[in-house]
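Walk through this model one contact at a time.

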Amino acid sequence: RTPLEWFAGGAGLSFAVAWIAADMLELHHDLYLLVYFTVVGTFLASFLAHTWTEVRNMLATNLWWSIGVGAVVGLALMQNVMREEPTTRPSGAFHVFEIAWRGIAYGALDALLLFVFPAAVAYLLMNGNRHGFKHKLSFVSLTVGLSLVISAVYHLGYEQFRGGDLIKPEIGAAFGNVAAVFTGNPVGAILAHAAFHVTSNVHTYRSGTFLP
């Protein structure tokens, strides 16, 4: 498949999972995430299996710088969540499970779909050529553009984002791409997004904006 075919498939699949499992079937959020992890995780694993030789250099470039930027962005996102009114949350072992399942695991897979995957597609479209200012700028433009597109398509699968509230995940997508913009490596977004979702589970567990 061409990079754009992979991208279209990932965007369409992520929308379908959210629309069918969360909107139409109204599954409990933990059961929904099991479906999401299985379907989207399998797709991303297949994509990496088919493209690893081409994209591994991108994922290794400036890796620690990317993680460092991701940590800074993660702190900013955590502070943003903490400004919201707190909601009730479960306690005990179930809350620990939710932090791991709905926070770390969901945040990490979401980041792979919304930030790492678009950056890999952009890298493939450029045949791995990011030499010189012009090519670096092209990579950044493609990465951010593709990320905003797949983020919008995916979140439209959730009823609460069909309207003006779609701007909120789009702003989040812009923050999620900071690591890729400054280092050329999107891996830092995994740390940032996981931190965001962990904080959401701790502070705004019943939020309809920060969590599905």
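Asn-62 counts as partly exposed, because its relative accessibility is 38% and that class lies between buried (under 20% relative accessible area) and exposed (over 50%), with a 1.4 Å probe and protein chains only. Asn-62 sits in the loop between helix 2 and helix 3 (63–82). Helices here are DSSP runs of H or I with at least four residues, and strands are runs of E with at least two, numbered from the N terminus. The phi of Asn-62 is near 50°, a positive value in a residue other than glycine. Asn-127 has a positive phi as well, near 55°, and is not a glycine either. Its place is the loop between helix 4 and helix 5. At 70% relative accessibility, Asn-127 counts as exposed.

A word on the basis of these values. This is a predicted model, in which local features need pLDDT of at least 70 and side-chain atom pairs count only at pLDDT 80 or more, while totals for chains, interfaces and linings use all residues. Residues are numbered from 1 along each chain as its sequence is written, and side-chain values use heavy atoms, with hydrogens and water left out.

Now the rings. The structure holds 16 aromatic pairs. Rings of Phe, Tyr and Trp (its six-membered ring) pair if their centres lie within 6.5 Å; planes under 30 degrees apart are stacked, over 60 edge-to-face, and the rest tilted. Phe-37 and Trp-101 have ring centres 4.7 Å apart and planes at 75°, so they are edge-to-face. Phe-37 belongs to helix 2 and Trp-101 to helix 4 (residues 92–125), so this pair ties together parts 64 residues apart in sequence. Phe-37 is buried, at 16% relative accessibility. Tyr-158 and Phe-161 also pair edge-to-face, 6.3 Å centre to centre with 75° between the planes. Both Tyr-158 and Phe-161 are buried.

Which residues does His-29 touch, beyond its neighbours within four places in sequence? They are Glu-98, Arg-102, Tyr-205 and Pro-212, where contact means heavy atoms within 4.5 Å. The side chains of His-29 and Tyr-205 make a polar contact at 3.4 Å. Such a contact is a pair of N or O atoms within 3.5 Å; within protein, one must be able to donate a hydrogen and the other to accept it, and residues adjacent in sequence count only if both atoms are side-chain atoms. His-29 lies in helix 2 (residues 29–60). It is buried, with a relative accessible area of 17%.

Charges come next. There are two salt bridges in the structure, each a side-chain nitrogen of Lys or Arg within 4 Å of a carboxyl oxygen of Asp or Glu. Asp-23 bridges to Arg-162, with the closest N and O atoms 2.5 Å apart. This pair links distant parts of the chain: Asp-23 is in helix 1, and Arg-162 is in the loop between helix 5 (132–155) and helix 6 (167–176), 139 residues apart. Asp-23 is buried at 17% relative accessibility, whereas Arg-162 is partly exposed at 39%. Lys-168 bridges to Asp-165, the closest N and O atoms being 3.6 Å apart. Lys-168 is partly exposed at 42%, and Asp-165 is partly exposed at 35%.
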